[in-house]
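The sequence and structure are shown first.

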Amino acid sequence: MSKASRRQTTAQPQISPSEQGIDGLSWLMLIVLSVLWGGSFFFTEIALRELPPFNLVLARVALAATILWLIIGLRRISLPHMPSVWLGFLVMGILNNMIPFSLIVWSQTYIASGLAAILNATTPLFTLIIAHIATDSDKLTLRKVIGVVTGFAGVIIVTGNPALDALAGLTTSNNGSAISLATIAPFAVLAAAVSYGCAGVFGRRFKSVPPIVTAAGQTTGSSIMLAPLALMVDQPWHLPMPGMPTWLAVLGIASISTAAAYILYFKLLNRAGASNLLLVTFLIPVSAILLGVGFLGETLEITDIAGMLVIGLGLAIIDGRPVKWLRGKANSQTA
């Protein structure tokens, strides 16, 4: 190879996974992840009837960590030796588990889960901004901004009115503490979305670590951080023994919506990039509606169908391939 060829080769810019678009397998993984995480709202609603928020979050991450370490041991997966990697697991556990789980679960005790889903769907907005500031390869583009805003509009169409009505009912309560906490609760979910965005960017440093090890490391780190907080705030020794539905809900949210979901999460993060990965927050409300229709006998409203179409449009804009297809078709017609 000549020197000029080598210079031309090295001068090619590096394309991030987010700029490459999302392939078919990544889309399938994204949809499955949305179903796993969408189920967490259902499990949380059941478990919160008998468990306080911090105890529920601790049970979720601690049980998930136990399941993940058992799988690692059975499969004899090698572990990283660098102290910096384990410190990174602790940071990831704080950003991706401890802060957002606690804030969202706490908020669901004061606001409707639909409103929480809307606010949680702002995660891609924050992720794009954080990635633009913190990285050199994942910069904002007009197409990404238009796609995210379009998808967020679809989420509002799907779950907006019932959730906002529920919030309005809380704010007109005669209970002064309920009014103030209901006012603060939406901002707690927004803070959780910011934390998720930071985690999506920070987590890209674990590309060389097996996804299941990263998931086990972060859930272990968040368990260590949450244990003293749950003991001090919730004082679980004063609580009555939960019933079987609560235990099953905790098992479901730990094994399905946490352990399995985070294995898939880190595989998808390495494959598609932080910005594309957080598109799952648009699909979570949709998957929750479909689960309700399929298993709880709920009906699908016309606004749900319209919202899903708008969400699909937003995802298509961010992916970019439909735009390229239309341009190619237009060029072929003019040729």
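Asn-96 lies in helix 4, which spans residues 83–107; helices (H or I, at least four residues) are DSSP runs numbered from the N terminus. With a relative accessible area of 1%, Asn-96 is buried (under 20%; exposed is over 50% and partly exposed in between, with a 1.4 Å probe and protein chains only). Leaving aside neighbours within four places in sequence, Asn-96 is in contact (heavy atoms within 4.5 Å) with Phe-101, Tyr-196, Ala-199, Gln-218, Tyr-262 and Tyr-265.

This is a predicted model, in which local features need pLDDT of at least 70, side-chain atom pairs count only at pLDDT 80 or more, and totals for chains, interfaces and linings use all residues. Residues are numbered from 1 along each chain as its sequence is written, and side-chain values use heavy atoms, without hydrogens and water.

Ring pairs link Trp-37, Phe-101, Tyr-262, Tyr-265 and Phe-266 into a cluster. The charged end of Arg-60 sits over the ring of Phe-101, 3.8 Å from its centre (CZ of Arg or NZ of Lys within 6 Å of the ring centre and within 35 degrees of the ring normal).

The structure holds 11 aromatic pairs; rings of Phe, Tyr and Trp (its six-membered ring) pair if their centres lie within 6.5 Å, with planes under 30 degrees apart stacked, over 60 edge-to-face and the rest tilted. Two of these pairs are tabulated below.

| Pair | Centres | Planes | Class |
|---|---|---|---|
| Trp-106 and Tyr-110 | 5.2 Å | 50° | tilted |
| Phe-202 and Phe-206 | 6.1 Å | 70° | edge-to-face |

Trp-106 is partly exposed at 23% relative accessibility, as is Tyr-110 at 24%. Phe-202 and Phe-206 are both buried.

Terms used. Helix = DSSP H or I, 4+ residues; strand = E, 2+ residues; numbered from the N terminus.
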